[in-house]
Amino acid sequence: RIITRMRLKIDTVYNGKQAVDKCIEQAQKPCQCFYQLIFMDCQMPVMNGYEATRKLKSMMRNQQLPYIQVVACTAFAMEEEIKKCFEGEMDDVVTKPINPKVLRAVLKKNGLLM
């Protein structure tokens with residue numbers, strides 16, 4: 001909701017496999033309009049966010065997908081969990097519940113807001 005109020009277009013998925021599939025689908029569109037940022041929930045069913053991110057980053061390294069920043073979304077703010085996100089190839093971390101000011105800062109940092 002916060003992001004849509006900022007007038008940014010989003011796609012929502014419900015598990016990590018869907019996230020990977022959606023990125024592949026988006027990359028195959030003829031318009032070359034790929035995602036600019038991925039917010040990845042760490043704890044999802046079917047394929048968790050860590051596994052989905054590793055798969056996406058592998059595809060990026062192999063030039064099967066364009067490079068994109070992945071921001072971890074986690075309910076666990078402990079240092080161990082944050083470290084696990086970075087070790088899992090995530091580029092940034094936000095904790096839940098997501099603070100709108102923190103979200104805006106991440107979006108600005110990635111060039112999506114002025």
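A residue is called buried when its relative accessible area is under 20%, exposed when it is over 50%, and partly exposed in between (1.4 Å probe, protein chains only). By that criterion, 37% of the 114 residues of the protein chain are buried. The model is a predicted one, in which local features need pLDDT of at least 70 and side-chain atom pairs count only at pLDDT 80 or more, while totals for chains, interfaces and linings use all residues. Residues are numbered from 1 along each chain as its sequence is written, and side-chain values use heavy atoms, with hydrogens and water left out.

The protein chain holds five helices and three strands, taken as DSSP runs (H or I, at least four residues, for helices; E, at least two, for strands) and numbered from the N terminus. Their order along the sequence is α-α-β-α-β-α-β-α. The C-alpha trace spans about 40 × 30 × 20 Å along its principal axes.

At least two lining residues come from each of α1 (2-5), α2 (16-27), β1 (37-41) and α5 (100-109), with β1 giving the largest share, five residues.
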